Amino acid sequence: EDFSVFNDVKFSYGFENMDYKKKNYKIPKDFHYLNNFFPNMRIILDINHVYTNDNSMELIKEFYNEFSSSISEIHLSGFLKKHDPLFITKQDFLIKSIMLDVLVIIESKLPNLDSVKDELKYIKSVISLATNGQ
């Protein structure tokens, strides 16, 4: 609530959109409010959080239309209960919703090294198919 804590910060920072469990900062309107305080703000767009607020994914289009130049990072994971592995959820549409060339952080909760490899392989295969028009 008190944004003055950022007044003397000497490092870069951004604001992440929140999931369905939070009260605020879930939709673009909330970020317009933040933009009043931080005209050069950066946004971390969490695709999982967008999905929990709007499973039609229309909300992500709003974020891209209104804030594409402010989005500096994307967080990616599937959603069944939390940040589930995409190679398990098979929610290709979440991967395909990435429309910016920015840093992508894979936030899937993975139990072991083999799962990390499986997740990366799955994400790469979905991206490859999408970019080759399949």
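Colleague: What makes contacts in the chain join residues at least 24 apart, and what share of them do so?

Modeller: A contact means heavy atoms within 4.5 Å, and among contacts between residues at least 6 apart in sequence, 67% join residues at least 24 apart. This is a predicted model, in which local features need pLDDT of at least 70, side-chain atom pairs count only at pLDDT 80 or more, and totals for chains, interfaces and linings use all residues. Residues are numbered from 1 along each chain as its sequence is written, and side-chain values use heavy atoms, with hydrogens and water left out.

Colleague: How do you know whether Phe38 is buried or exposed?

Modeller: Buried means under 20% relative accessible area, exposed over 50%, and partly exposed in between (1.4 Å probe, protein chains only). Phe38 has 10%, so Phe38 is buried, whereas Tyr13, with 27%, is partly exposed.

Colleague: What makes Tyr33 and Phe37 an edge-to-face pair?

Modeller: Their rings are 5.3 Å apart centre to centre, with 70° between the planes. Being 4 residues apart in helix 1, Tyr33 and Phe37 are separated by about one helical turn, where a helix is a DSSP run of H or I with at least four residues.

Terms used
Phe/Tyr/Trp six-rings, centres within 6.5 Å; stacked < 30°, edge-to-face > 60°. Helix = DSSP H or I, 4+ residues; strand = E, 2+ residues; numbered from the N terminus.
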